Amino acid sequence: MPNTTFEIAGHHIAPGTSETVNLPVSILPDHTPVGLQVQVHNGKRAGPTMCVSAAVHGDEVIGVEIVRRLLRASQLNALRGTLLVVPVVNSYGFLFRSRYLPDRRDLNRCFPGHPSGSLGSRLAHIFLNDVVKRCDFGIDLHSAAIHRTNLPQVRISPNDPVTKKMALDFGAPVVLTSPLRDGSLRAVAAEHDTPILLYEAGEGLRFDEMAVRAGLAGILRVMRGQDMLPAKGIAKPKAASYICNASKWLRAPAGGLLRTFRAEGETVAKGEVLATVSDPFGAVETDLIAPGPGILIGRAMLPVVNEGDAVFHIAQLSPMAAEDTVDDLSTQLETDPLFDEDEII
């Protein structure tokens, strides 16, 4: 079935064409205009409408690079439906290399927003109403906060069959459930029947080639799974994902110099020494011990720690066989939720 013209902010994008649309947001103190730029790819044939967004937190630049590569992917020539891509949602944080907005608000706690509210509230309102609510589903790209790194992982909403299927299609090393937070994009989008899959990988203000490739491949697989792209040229995952249904942050037992012996993505057994914290003289050393078996899905990057600092994020795991169904996945995921990025400090 042929597609129809897609209209956004007074722009009309014909089937088989693409266009970058600027949605005005505000004006900086020096009167430089700031807008939300959306690239619309409208396929020749009818299909779902999907959004891909990055840099809701301005220092999470890995998502921006994933989007850049997505927009250059040859597979989009065979697109069915409509793809809305926002490389940088939080332009203010992106320009100043900050996670937050100029008023120190977290944009991912400002949804649904309001047209006459704070700066974050106005930006959230525009993004939600002009982009997200126009879509059937979406993928939001994130990374760990600065000085921490995450293993590539997808986070899905509890009891949501759409994001569960998207997670299976994405093929990230780890799939985990994460509760919906008040004011977050995922929570508000879910209220409007727009499921959002969240991808977490790498470190703030840093590129990570593995994280970028995993993100790009996963997006293309999700689009294939939703019949937006043909299977040709889209590789299947090389290994099954791990399903994680609980997690724990291991914290520094003392202040000092941190020496880590294990990295994100490694599986560990109970009793293994993961790191050692020592004083500057090396006279006192304290080991950080794995409390049980699991997979390391995140870790601190700085070698200097205070007592109680989050060092390793360890998740319980179980391998997902290729024959597992969505119902099997539901059973495994409907247990204790894992930590959000904002909960680990």
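The largest pocket holds about 440 Å³ of space. A pocket here is an open set of points on a 1 Å grid over the protein atoms alone, where a 1.4 Å probe fits and protein lies on both sides within 12 Å along at least five of seven lines. Its volume is the space filled by probe spheres set on the points, which are joined across faces, edges and corners. This is a predicted model: local features need pLDDT of at least 70, side-chain atom pairs count only at pLDDT 80 or more, and totals for chains, interfaces and linings use all residues. Residues are numbered from 1 along each chain as its sequence is written, and side-chain values use heavy atoms, leaving out hydrogens and water.

**The largest pocket**
- The lining has 22 residues; a lining residue has an atom within 4 Å of a point.
- Gly171, Pro173, Arg221, Lys238 and Ala239 lie nearest the centre of the pocket.
- Strand E8 (148-156) and helix H6 (209-225) are the elements that give two or more residues to this lining.
- H6 gives the most, with five residues.
- The lining divides into 15 nonpolar, three polar and four charged residues.
- Nonpolar covers Ala, Val, Leu, Ile, Met, Phe, Trp, Tyr, Cys and Pro; charged covers Asp, Glu, Lys and Arg; the others, Gly among them, are polar.

**Overall build**
- The protein has seven helices and 20 strands.
- Helices (H or I, at least four residues) and strands (E, at least two) are DSSP runs, numbered from the N terminus.
- The C-alpha atoms fill a box of roughly 70 × 55 × 30 Å along the principal axes.
- For 345 residues, a compact globule would have a radius of gyration near 20 Å, and the protein agrees with 21 Å.
- That radius is taken over C-alpha atoms, and the globule rule is 2.2 Å times the number of residues to the power 0.38.
- Buried residues make up 52% of the 345.
- Buried means under 20% relative accessible area, exposed over 50%, and partly exposed in between, with a 1.4 Å probe and protein chains only.
- Of the contacts between residues at least 6 apart in sequence, 70% join residues at least 24 apart; contact means heavy atoms within 4.5 Å.

**Helix H3**
- Helix H3 (residues 119-130) has twelve residues and should span 16 Å at 1.5 Å a residue; its end C-alpha atoms are 16 Å apart, which agrees.
- The expected span is 1.5 Å times one less than the number of residues.
- Buried residues in H3 are Gly120, Ser121, Leu123, Ala124, Ile126, Phe127 and Leu128.
- These buried residues pack against several elements, including strand E3 (17-27), strand E6 (80-86) and helix H5 (185-191).

- Leu84 is found in strand E6.
- Leu84 counts as buried because its relative accessible area is 0%.
- Beyond residues up to four places away in sequence, Leu84 touches Phe6, Val38, Thr49, Val131 and Cys135, among others.
- Leu84 and Arg104 are 20 residues apart in sequence and 28 Å apart in space, C-alpha to C-alpha.
- Arg104 is found in the loop between H2 and H3.
- Arg104 is exposed, with a relative accessible area of 58%.

**Backbone details**
- Phi of Arg104 is near 75°, a positive value in a residue other than glycine.
- Ala55 is not a glycine, yet has a positive phi of about 60°.
- Ala55 is found in the loop between E5 and helix H1 (62-71), and is buried at 0% relative accessibility.
- Phe111 and Pro112 are joined by a cis peptide bond, with omega about 10°.
- Pro112 lies in the loop between H2 and H3.
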